[in-house]
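User: I would like to go through this model and ask, term by term, what each label rests on.

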Amino acid sequence: MSETAGRTGGPHGEPHEAQVIPISRGRSRSDHEPPRDQPDREPPRDRSDHGPRRDPGGGPYASGDDRGLWGDGGDDGDRRLAELLAFLRRRLTGQYEVDEFGFDAELTDKVLLELIRPLYRHWFRVETVGAENVPGDSGALVVANHSGTIPVDALMLQVALHDDHPDRRAIRLLGADLVYRLPLLGHLSRKTGHTLACREDADRLLRKGELVGVFPEGFKGVGKPFSERYRLQRFGRGGFVASAIRAGVPIVPCAIVGAEEIYPKIGDLRFLARALGLPYLPITPLFPWFGPLGLVPLPSKWLIGFGEPIRTDEYAPGDADDPMLVFNLTDQVREVVQQQLNELRLRRGHAFPPFL
């Protein structure tokens with residue numbers, strides 16, 4: 001904030017210097033205290049509902065100012081409007097930055113996360129556990145289970161680390177090539193910081209100190225039937241472990257509970273899926289029977305837990321080429337994530353409280 005001083009006229013129009021009040025001193029006490037013949041003002045209202053929200057374990061639920069460009073009205077409405085106009089001007093004139101992968105941090109924070117935050121806060125009522133296990137200022141690889149028929153869990157993980165982590169970290173998710181073959185979805189994914197799940201991109205991001213996320217189950221996890229919910233599928237060949245070893249960064253196991261119930265998959269339209277070039281086309285209790293209404297996710301209760309980091313800096317970069325070492329470490333990560341899933345399911349209880 002800048003401070004300025006001007007001149008005001010005296011009783012006969014002569015200019016004189018205006019007094020500059022230091023910011024640290026502020027206004028005098030007499031400016032604020034009520035007349036002595038009147039009672040004191042009523043105490044300020046309790047605004048705790050608008051402060052940081054915390055999960056039962058004490059971790060921050062939504063740290064900092066996350067109202068984006070739109071705000072919530074009130075005294076700062078003019079400032080929010082000015083920020084919105086400045087944002088639009090930068091977008092129209094091209095005065096914004098993207099990194100080498102196409103990540104547009106401002107667009108992600110101010111617009112895209114704002115659009116999905118209501119789902120996170122009010123529809124799925126997501127709570128995070130152990131966010132402090134994710135490093136705040138260095139590279140790390142977050143390894144999570146994948147489920148939900150449609151990969152909404154990737155979006156919720158992104159909001160969780162941005163809003164609930166003490167350092168509001170941006171996670172760079174590694175996606176399947178199918179995502180980047182779709183023009184609109186592929187472009188939007190790169191804008192939000194994600195990239196193709198390949199060794200080169202993963203290594204570059206980790207060595208830059210970025211927080212990288214991966215779902216080793218791939219389509220086998222996100223498209224599995226409801227009868228196999230919360231049972232981890234195979235973790236591929238362990239390429240993510242090799243990248244972590246080469247970069248010397250920790251692996252943070254992550255368990256996501258709640259995504260399995262949003263679109264319970266009870267069948268698969270295989271012939272139509274193959275014709276459309278999709279890995280599967282699900283049948284759920286609501287889709288396709290209710291048309292577009294069947295695409296609304298069910299409001300299950302979510303928990304996202306981050307476990308203790310698994311160190312890889314004790315290995316030499318060349319150990320990433322040892323298939324037995326990579327296999328054993330991959331299996332260890334998978335077992336940890338499965339154990340976390342079992343614990344978080346017990347902690348959550350019913351998937352649809354208070355309806356059940």
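User: What makes the lining of the largest cavity count as nonpolar, polar and charged residues?

Analyst: By class, this lining has four nonpolar, two polar and three charged residues, where Ala, Val, Leu, Ile, Met, Phe, Trp, Tyr, Cys and Pro count as nonpolar, Asp, Glu, Lys and Arg as charged, and the others, Gly among them, as polar. The residues concerned are Gly148, Thr149, Val222, Lys224, Pro225, Phe226, Glu260, Tyr263 and Lys265. Please keep in mind that this is a predicted model, in which local features need pLDDT of at least 70 and side-chain atom pairs count only at pLDDT 80 or more, while totals for chains, interfaces and linings use all residues. Residues are numbered from 1 along each chain as its sequence is written, and side-chain values use heavy atoms, with hydrogens and water left out.

User: Why is the space called a cavity, and what is its volume?

Analyst: It is called a cavity because, on a 1 Å grid over the protein atoms alone, a 1.4 Å probe fits at its points but cannot get out; lining residues have an atom within 4 Å of a point. The volume is about 40 Å³, taken as the space filled by probe spheres set on the points, which are joined across faces, edges and corners. A search of the whole structure finds one cavity of 30 Å³ or more.

User: Is Thr149 buried or partly exposed, and how is Arg168 classed?

Analyst: Thr149 has a relative accessible area of 7% and is therefore buried, since buried means under 20%, exposed over 50% and partly exposed in between, with a 1.4 Å probe and protein chains only. Arg168, at 26%, is therefore partly exposed. Phi of Thr149 is near 70°, a positive value in a residue other than glycine, and Arg168 also has a positive phi, of about 45°, although it is not a glycine.

Conventions: On a 1 Å grid over the protein atoms alone, a cavity is a set of points where a 1.4 Å probe fits but cannot get out, and a pocket is an open set with protein on both sides within 12 Å along at least five of seven lines; lining residues have an atom within 4 Å of a point.
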